[in-house]
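The tour below goes from one selection to the next and says what is to be found at each stop.

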Amino acid sequence: MNAFLTVEDAAKRFSPGITFGDKVATWLGVQKPPRSVHAVDGVNLTIARGEVVGLVGESGCGKSTLGRMIAGIHVPTEGRILLDDAPVMSDGVRPRKITTRVQMVFQDPFASLDPRMRIVDTVSEGPIAHGLTTRANAADYTRRSLEAVGLDPDFATRYPHQFSGGQRQRIAIARALAMQPDLIVCDEPVASLDVSIQAQIINLLMKLRKELNLTLLFISHDLSVVRHLCDRVAIMYLGRIVEEGATDEVYATPQHPYTQALLDSVPKLEIDDDIDVVFKPIEGELPSPQNPPPGCHFHARCPVALEKCKSVRPALVTTGIGRRAACHLVPALETAC
Ligand code: SF4
C-alpha cells in the first residue's frame, strides 16, 4: 500500500516559559535552567489511504502532540509530515488546502464547541470560509452533515448546552466531516463519554469510514477500543514509537516488553471455580519528558532490561511483515540481498 500520510523523523520540543525570577535564580546558581519538554522524539510512521491506525500509550507519552502535528496544529521542531507528498506545514503555516483535508475531533465535546454559537454556525463556519458551501446554503449543508452522523437535522438551530455529551461528540464529528476531509485525527474521542455512548460513537466512526473511505488516526489509551476499530496500531512510549503492526498480530504476539505490559495491565475476567478479575499494573511511573532516561526510555520499568539498555537507544527495526519494534531483545528480520 502506498503511504498517504508520511511522518518523517518528527520531533516536538516545548520550551519552558522562563520568568525573570528563573533567570535570576539560574544566574545565582540556585536552580538549573528549566529544561524543554521532549514530547515527540524522532517518530516515523506511515498511513495508507482508507486505513484506520491506532496510536496507543499512557498519558503523557506524546500521542496527542503527534496527532496535533499531523493535523497541522503544532509545528514540528524537527522532521516533516507529508500528506500525498505535500507538507502539512510550510514555514510554520498550514497551507489552506491542508486545512480542509485534515480535520481533528477532540476528547472533550463540552470544550470543543463554542457555547455562544448555534450548531448551524459552528458546522458551516469552516465550509463557508473554504468555499465548500455558501452562506445561503449553510442551513441545508449543516442539516445534511447532522444527518450523516445520525442526528436530527432540526438540531441545527440549537446551542451546544442543549445536547448530551454523546450528541455533542456527534456534532464535533459532523463539523469535521463538513470540511470533506481525507484524514481525521480522533484524539481520545470517546474517553469522556459513558460506556454505552462510547459504543455508539465507535460504531458511527466505523460506518463513516466504510461509507466515505475515510482515513483515521485514532488516538487512545483504551486497548479494547483500538482492537475493535483499527487495522494497525502503533504503541508510543515517552515520545517514541516502540512497536507497530497489524492490530490482530500485535495483540496476539506482542514483541516489545512495554506492549506486553500494557496488555497485561488490562483487567480480564477469569472464571474458574470462582470469578476473578486479573490484571498486572505496569511497575513504576512514566519518566518525565523533561528529563527522559538515556538508552531505552523504558529500561527502568522493563522486567527484562539488559545492561546496554541503560545507554544504547534501540532502533525501530522491521521484525516481520508489516511489523516493527524497538527493543534490543527483538532481532531485526533478515532480508535476502
Ligand atoms: Fe527492555 Fe531493553 Fe527492550 Fe528496552 S531495549 S524494552 S529495556 S529489553
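This is a predicted model: local features need pLDDT of at least 70, side-chain atom pairs count only at pLDDT 80 or more; totals for chains, interfaces and linings use all residues.

Tyr-237 belongs to strand S9 (residues 232-237), while Phe-298 sits in the loop between strand S12 (275-278) and strand S13 (317-320), so the pair ties together parts that are 61 residues apart in sequence. Tyr-237 is buried, with a relative accessible area of 2%, and Phe-298 is buried as well, with a relative accessible area of 2%.

Next, select the whole of S9, where six of the six residues are buried, so the strand is largely enclosed by the rest of the structure. If you show the side chains, you will find Arg-232, Ala-234 and Met-236 pointing one way from S9, and Val-233, Ile-235 and Tyr-237 pointing the other way.

Which strands pair with S9? Strand S3 (residues 52-56) pairs with S9 in the parallel sense over four bridges, and there Val-53 stands opposite Arg-232. Strand S10 (residues 240-246) runs antiparallel to S9 and is joined to it by six bridges, with Met-236 placed opposite Ile-241. Select Leu-238 in the hairpin of S9 and S10, which has two residues between the strands, and you will see a residue with a positive phi near 45 degrees.

## The nonpolar cores

Move on to the largest nonpolar core, which has 54 residues, and select those with the most contacts inside it: Leu-146, Val-149, Ile-171, Ile-173, Ile-184, Phe-218 and Tyr-258. Helix H6 (residues 165-177) gives the most to this core, with six residues. Centre the view on Ile-171, and, leaving aside its neighbours within four places in sequence, look for its contacts with Leu-113, Ile-119, Val-123, Leu-146, Leu-151 and Phe-163. A second, separate core of 28 residues can be picked out through some of its members, including Met-69, Met-104, Val-185 and Ile-241.

## The open sheet

Turn now to the sheet in which four strands lie in the order S2-S1-S4-S5, an open sheet with antiparallel pairing. Strand S2 (37-48) and strand S5 (86-87) stand at the edges, each with a single partner strand, so one side of each is left without a neighbour in the sheet. Strand S1 (residues 3-14) pairs with S2 in the antiparallel sense over eight bridges, and selecting Ala-3 will show it opposite Ala-48 in S2. Then select helix H2 (residues 63-70), which lies across S1, S2 and strand S4 (78-83) and runs at about 120 degrees to S1.

## A last stop at Thr-100

Finally, select Thr-100 in helix H3 (residues 96-101). Is Thr-100 buried or exposed? At 15% relative accessibility, Thr-100 counts as buried. A polar atom of the Thr-100 side chain lies 3.0 Å from the backbone oxygen of Lys-97, and, apart from neighbours within four places in sequence, Thr-100 is in contact with His-130, Leu-132, Met-179, Gln-180 and Pro-181.

Note on methods. Residues are numbered from 1 along each chain as its sequence is written. Side-chain values use heavy atoms; hydrogens and water are left out. Two strands pair if DSSP finds at least two bridges between them. Contact means heavy atoms within 4.5 Å. Axes are lines fitted to C-alpha atoms, for helices over the stretch in contact, and angles run from 0 to 180 degrees between N-to-C directions. Buried means under 20% relative accessible area, exposed over 50%, partly exposed in between (1.4 Å probe, protein chains only). A nonpolar core is a set of buried Ala, Val, Leu, Ile, Met, Phe, Trp, Tyr and Cys residues joined through side-chain atoms within 4.5 Å. A polar contact is a pair of N or O atoms within 3.5 Å; within protein, one must be able to donate a hydrogen and the other to accept it, and residues adjacent in sequence count only if both atoms are side-chain atoms.
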